[in-house]
Amino acid sequence: MNFSLTLPALLAIPLVGVVLIALGSRPKTTALWASVLNLIPGFLASGMVLRSGEILFGPDPIPVKEVFPVKFILGMDGLSLSLVWLTLIVALTAIGAGREGVKREKEYYICLLLIGLGALGAFLSVDLFYFFSFHEVALIPTFLLVGMWGHGDRTGAAWRMTVYLMLGSMILLLGLIGLFLALPETARSLDWRVLSETLRANPLSPGIQHVVAALLLVGFGTLVSLVPFHSWAPGGYASAPAPAAMLHAGVLKKFGLYGLLRVALPMVPDGWKEISWLVGLLLAGNILYLGLASLQQRDFRWLLGFSSAMHMGTVFLGLISGTVLGLAGALTLMVGHGLSAALGFAVAGEISRRTGTSWMRDLGGLARRAPQLWFYLMIAAMASIGLPGLANFAGEIMIFFGSWTAHPVLVGVAAWGVVLSAVAMLRAVKAMAFGSMSPAVEAEGVTDLKGVRETWPFAVLTLALLLVGIMPLLVYGPARPVLERISLP
Amino acid sequence: MSAWFFPEILLTLAGVGLILMDALAPEGIRRRIPLFALLASLGILAWSLVPASRVLPTSWLSLFVSDGLSAVFKPFFLLCLVVVTAMACRYRLEADETVRGEFLALPFFPTAGLCLLASARDFLAVFVALEMVSISLYLLAAFHRAKPASLEAGIKLLVMGGLSTGFLVMGIAWLYAGAGTTDFSRLLLTQAGQGANPAALVAAGLILAGIGFKVAAVPFHAWAPDVYEGAPTPVTAFLAVASKAAGFILLIRVFGLGAFALESIGTYFRPILLTTGIATVTLGTLAALPQRDLKRLLAYSGIAHAGFMILALGTAGEGGIGTVVAYLWAYLLASLPVFLFINELENLHGSTDMRHLDGLGRREPGPSLGFTLCLLSMAGLPPLAGFPVKLAVLANLWNAGETPALVVAVIMAVAGLGIYLTPIRVMYWEREADVIPARRFAPFLIWVMLVAGFLGVGLGLKPQWLARVAEKSLNPLPVVESIRE
């Protein structure tokens, strides 16, 4: 069997799903089937990668005369492997958590499938042109999802989100252009394998590295909601419909971090090292400023939005640690955060759909009325605090150990961030769990999750969190050779 | 005279034939004029694509040349003509059906002029070709004799066009006074190796102003929105796509590679082009944002696109020129379907206000999807054709080290997203419209829009195709090649 076909299949299956829905097949069922079927090429491809330990390539593109140096090549190595799996799982559960009978159901599920498709394409592209393009593919569906099916100030949130993300993308594009043009004419390529090889052999001059690294930091940083480019994130997530928030916070945001791991660290290592003081400063802003801001939130969805942006600070700490351990921790936390954010937004979506509110003070007594929902809420909160046994803990502890020698102060800051996050989350959980039953919760028709049909997305995410938490090796093991190559001495 | 001259001849003959037919033929044939016009335009387009019709490079009387640039742009103008003719067949002429024949015949003449312009290698030829284009367009813009807006458009176009021709002719006169010739390649030869000649500089400035009107570059842009809004929609499409492209061909021939491609003049004009580009892209983008009329919106967005192309030209060198050629093709392939869609919208509702898009995403999913894809291509989002060309503009600016222009271009590319997302938002998110749900688009529009939209996706995923067109237009290098004869 030709395993190279599994990679295009990963992209083709959601696309077929989109076409079928457009042609009138039942939206949710089709989208679910597409996501479930997509697990098969996912298994096959990752099996190949794990067995050979090398990059698995898609079929060779038809050679064309090179007038524009881009090639559509797909490839998967240990680093993309875990992110592809994160996408597959979150896309599946997000579609599972999507409501049936939502208005304009067709477009809703098409948009969701397209976000997943864009993320998969970005993680699988070897050519940076397509890597960038696939991420943009996911932006318009996000805009439409927030604008059409969102709540609160959905128009404002959608515009803010889109403008920020576009601006970030354009700055990042400038960084990529700069990188491309800094190469000697004969060695110009957008293929990340070629680029990393060439640049390891002949590093760029420090000045150019500096500029490119700064552009990449601001560009990717905006996509990852690094302070001070974060202000699209909390409001955007609070307004987005639950599956869109799950996909964006869970998966699409990781594109920025993946890009830093794939482009900035290996290709402009000296530049990245040079600006790591700035990264340190900004990530402290993420942890402390957004951590304090999350304490002030009264709306559960806003709280999740802030805390999701806040945890990105810890991942950045891993990225500037310069050790394999720190990078492995960053990767693990990326996956763990993706899963826990998805679970959190899924629960928040269910709660506000059932009770009609997401104000924590109006949700007292939820634990008694809907114990299952509250249980998954606990899991999401505990994961995001960093309870041992859940994925985020594994990532955070590796980051702390990995960056202790280089940045002891920042480790202290990050540890303080854990405290802040614990206070915010535990207050939220407490407000919703105990106390007298509030009218919104007591109201007629507020029900718990019922049966496998409603609970499976939550259960899948919880199991994945536990699995990664107990065996983080699953995530960073395959990526280890890649991380060793890019870790800074 | 060789075969490459045929499109112009055929176009003129077809135009004259249609007018005669309209005047003399019996009623039964007259009713079929739209069909004849469409077939004629398609036939000439097909002819221009036959490889045998393009012998490269040959020149005629040292006035016209057939080279890569003209070979790439003749099909461009003919494709415009086909779409404009199709739009004119469907356009509502407000109870004045008797003039349909003229309305269909007139666009053949400016197209012939544009094809001539694409091959012109002498300022005299340029001038004649341009007049051929302009006079027919004045007529077409004012075609709704009963509508004040259309008359206003005609008058504005006439006055502004006259002014721009004045600049151009004045420039040509200065040039002739200074160099004694109007031939592009001879100009290049006589000027080479000399310092900047003041007469040549004045001439270049005046000619640049003249072309600036054509492409609607700031500060010569003010006519565009009013004329676009007032003119009949098929004419607007012609102005927005074909006429703008003609301006850029001139810029390429004159400033890019031809008469003024010399370093002595380039050093003066590169900053001017860059400044104009920055101003144009900024004004076009910012002014397009609040527009609620689709034709006005496209007028300003066209100004913004012109700004991007001027910036690419301002970087000098073949990279910038190839970028402009590819950009024009991507712009053509996105904006012609958009105008076709607007034409149909106007047919249904009688105006081009954006509120007619309300809820369209649900009522007409197919055309709306195609329209959305074309708009996103204009916005320059991947994976659509507009992305690689915008990327090429940015890469050129970076390569030339033009940081301020680069920064402005990036900011405006992002802000420009707002222009195109606004109609999309109206189609998909706005309250369900209660306006006349019974009226439906003609069925052909579904397929046309979908094909156009997915063509944009295809070109975005395979930018090599656009790159090959750009490469072809520069092979052999226009004008420069003919010096070696």
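Author: Helices (H or I, at least four residues) and strands (E, at least two) are DSSP runs, numbered from the N terminus, and in chain B there are 22 helices and two strands. This is a predicted model, where local features need pLDDT of at least 70, side-chain atom pairs count only at pLDDT 80 or more, and totals for chains, interfaces and linings use all residues. Residues are numbered from 1 along each chain as its sequence is written, while chains are lettered from A and ligands numbered from 1 in the order in which they are written.

Reader: How many residues does each chain bring to the contact between chain A and chain B?

Author: Two residues are in contact if their C-beta atoms, placed from the backbone, lie within 7 Å; here chain A gives 24 residues and chain B gives 24 residues. On the side of chain A that touches chain B, α6 (128-137), α7 (139-149) and α8 (154-182) each supply at least two residues, and the largest share, ten residues, comes from α8(A).

Reader: How are α5(A) and α6(A) oriented to each other?

Author: Axes are lines fitted to C-alpha atoms, for helices over the stretch in contact, and angles run from 0 to 180 degrees between N-to-C directions. The axes of α5 (residues 105-124) of chain A and α6(A) come within 7 Å and cross at roughly 165 degrees, so the two helices are roughly antiparallel (over 145 degrees). Where they meet, α5(A) contributes residues including L114(A) and L117(A), and α6(A) contributes residues including F131(A) and F134(A).

Notes
Angles under 35 degrees count as roughly parallel, over 145 as roughly antiparallel, 65 to 115 as roughly perpendicular and the rest as oblique.
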